[in-house]
Amino acid sequence: MSHLLGTIQSPADIKKLSIPELEVLAQEIRERLILSLSKTGGHLGPNLGVVELTLAMHYVFSTPKDKFVFDVSHQAYVHKLLTGREDRFSTIRQEGGLNGFMLRTESEHDAYGAGHAGTALSAALGMAVARDLSGGNEHIVALAGDAAFTNGISFEALNNIDGATKRLIVVLNDNEWSIDRNVGSIAKYLHKIVTNHRVASLHDSATRLVGKIGGQAAVKAVRRAEEAAKGMLWPSMFFEEFGLVYYGPLDGHNIPLLIETFEFLKQQERPVILHAITQKGRGFQPALDKQKKFHGLGPYNPETGDTHPAGQQTYSEVFANTLVKLADRDEKVIAITAAMPNGTALDLFRPHHPTRYFDVGIAEEHAVIFAAGLATQGFKPFCAIYSTFLQRAFDPIVHDVCLQNLPVVFCMDRGSLSGDDGATHHGLFDISYLRPIPNIIHMVPSNEDELADMLYTASLHPGPSAIRYPRGVGPGAPLKAEPQAIPIGAAQVIQDGEDVAIFGLGALLPMAVSLAARLADEGISAAVINPRFVKPLDTRVLQRYAERAGVIVTFEDHVLAGGFGSALLEALEQLKLQVPVVRIGWPDGFVEHGKVDSLRARYGVTVDAALDKLSTYLPALKRRRLHAVAR
Ligand SMILES: Cc1ncc(C[n+]2csc(CCOP(=O)(O)OP(=O)(O)O)c2C)c(N)n1
């Protein structure tokens with residue numbers, strides 16, 4: 001049981017191990033990952049795939065002096081286990097525990113934080129240039145998955161590497177999977193390299209050679225042989241055109257080969273790319289059988305990989321099933337995902353309308369502009385992109401979709417807290433970033449049925465629209481047989497009242513209802529409003545209640561800065577109405593990972609927090625009520 005792993009206090013301890021010991025350590029790490037993540041959930045498959053790569057990197061390089069930059073950094077768990085965090089590993093993704101991604105504030109070994117894809121090459125190049133400018137000699141190693149190369153930023157970085165630095169090591173961790181199977185021409189190209197017989201057989205001989213004689217000479221020999229083969233096969237190797245010397249493809253699970261290769265690459269005075277072939281989920285059969293499921297998941301049975309059977313439909317599933325219905329009736333409806341068919345549930349759509357389903361890879365900017373192009377030709381694209389990843393596409397939303405007033409629908413999954421993933425994944429900014437853009441309408445459903453209605457409403461709307469909905473399940477509202485259109489900008493009054501008007505946006509509508517009940521206990525009459533639209537705001541309903549109520553309260557699962565409450569304040573100013581407004585939402589700061597309810601309690605996104613903020617107004621509200629009753 002974790003004999004060696006327990007002795008690794010820092011990467012320096014890895015360097016003391018023999019190759020057979022490293023092999024044992026790799027096995028222990030796998031066991032640890034499988035057992036520990038079965039309780040906390042997390043990115044199991046990607047981490048099982050990089051055990052040997054990470055070990056070899058730490059064997060050859062010396063962090064924190066040398067810098068590792070991991071793309072997305074969801075595959076950094078092994079790195080965490082090897083850099084003094086083994087004793088806290090069981091806390092990963094738990095509130096107050098280790099983050100599921102690299103975090104500069106968590107360890108000096110985490111040179112660069114991430115959570116969104118495609119950033120590793122740019123950040124690593126920045127570090128390499130910084131080193132060159134300041135006369136340092138440390139090594140910069142970027143580790144990026146094959147899917148990271150479907151992302152534009154990776155190519156923007158590649159385009160800049162040549163001439164910018166002489167020393168940069170890029171490791172392409174190729175397992176042929178994104179979360180789903182990797183898509184597009186880059187994936188096909190990489191696949192072609194990997195499956196080429198000539199290179200594959202060379203590669204076996206490389207392994208044998210290094211095993212037999214070891215040392216740099218062997219690696220050089222392999223390199224020469226591979227060069228010759230490549231010359232024959234690909235006269236202008238893709239990466240070499242970008243100024244990186246290409247090495248590989250190489251078995252990413254062969255520790256001695258990896259160590260020899262990294263020792264060799266370390267001495268190169270040219271930017272290099274090492275193409276390592278790995279197996280996502282290696283060492284755990286259920287993860288090999290179901291690569292997509294085990295990319296990232298909640299708790300599971302560590303023997304069988306079984307998870308709890310899915311219960312109620314999630315918002316994502318309601319979205320996808322409704323879109324199938326809309327597409328059944330309207331042949332112009334198109335579904336677009338940026339590498340998230342599983343997360344957005346669009347893989348439910350794909351079998352129904354395969355020709356109208358597009359996975360464009362991790363390419364949110366492209367997804368939006370691609371949708372704009374489709375819309376110019378009379379199609380109705382629904383872009384299903386998590387709120388946090390849509391941040392990438394801000395300019396295309398402004399410049400391509402809204403400026404041209406095109407009927408693209410942004411279906412923003414994970415609009416609100418992501419929970420265990422933390423700050424990189426919380427979708428707390430979309431109202432603020434979309435609200436100032438002309439032409440777009442923005443809806444927020446309070447339950448699943450309303451989401452279906454909003455999707456239908458968006459499908460009829462001639463301009464751009466956005467719908468934000470949270471992760472996971474909603475209140476479980478039964479769906480009508482047919483969705484109905486909601487009049488644009490119409491709020492829904494849930495309960496009438498006199499003294500306070502409470503607006504509960506989306507998933508926080510129940511908080512508004514509960515606050516009204518608590519106020520009723522105090523003898524105060526409160527109206528509850530489901531705003532449904534952030535833009536356009538229902539100013540008629542707002543005016544009616546602002547003229548009547550002594551205080552307005554807003555609840556939103558979004559930052560307060562620029563959010564729904566801000567929109568309401570701006571509207572009151574335009575209406576020239578002065579009413580005190582109590583806003584409940586997320587403060588101006590990045591929110592860490594944790595369970596949603598617990599974080600809400602900590603940050604005051606609760607009914608109690610609202611009552612607290614209302615307390616100064618309560619005596620006046622009660623007096624008001626007494627007068628009203630007396631009249
Ligand atoms: C901008 C952005 N879009 C989408 C995602 C969601 N996402 C997380 S990991 C991942 C796939 C990564 O695949 P790859 O880079 O090949 O690494 P692997 O998991 O296969 O090791 C995706 C799409 C993200 N993190 N960032």
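The model is predicted, so to speak of local features we ask for pLDDT of at least 70, and side-chain atom pairs count only at pLDDT 80 or more, while totals for chains, interfaces and linings use all residues. Residues are numbered from 1 along each chain as its sequence is written, and side-chain values use heavy atoms, with hydrogens and water left out.

In soluble globular proteins, nonpolar side chains tend to be buried together. Here the largest nonpolar core has 55 residues. Such a core is a set of buried Ala, Val, Leu, Ile, Met, Phe, Trp, Tyr and Cys residues joined through side-chain atoms within 4.5 Å; buried means under 20% relative accessible area, exposed over 50%, and partly exposed in between, with a 1.4 Å probe and protein chains only. Leu44 is among the residues with the most contacts inside this core. Setting aside neighbours within four places in sequence, Leu44 is in contact (heavy atoms within 4.5 Å) with residues including Leu33, Phe284 and Tyr300.

Next come the rings. The structure holds 24 aromatic pairs. Rings of Phe, Tyr and Trp (its six-membered ring) pair if their centres lie within 6.5 Å; planes under 30 degrees apart count as stacked, over 60 as edge-to-face and the rest as tilted. Tyr315 and Tyr469 make a tilted pair, 6.4 Å centre to centre with 35 degrees between the planes. Tyr315 lies in helix H14 and Tyr469 in the loop between strands S11 and S12, so the pair ties together parts that are 154 residues apart in sequence. (Helices, H or I with at least four residues, and strands, E with at least two, are DSSP runs numbered from the N terminus.) Both partners are buried: Tyr315 has a relative accessible area of 2%, and Tyr469 has 0%.

Now for the ligand. For the side chains of Asn175 and Lys280, the corresponding distance to a ligand oxygen is 2.9 Å.

Finally, look at the backbone. A cis peptide bond, with omega about 10 degrees, joins Thr63 and Pro64; Pro64 sits in the loop between helix H4 and strand S1. Another cis bond runs from Gly248 to Pro249, with omega near -5 degrees, and Pro249 is in strand S4.

Notes. A polar contact is a pair of N or O atoms within 3.5 Å; within protein, one must be able to donate a hydrogen and the other to accept it, and residues adjacent in sequence count only if both atoms are side-chain atoms.
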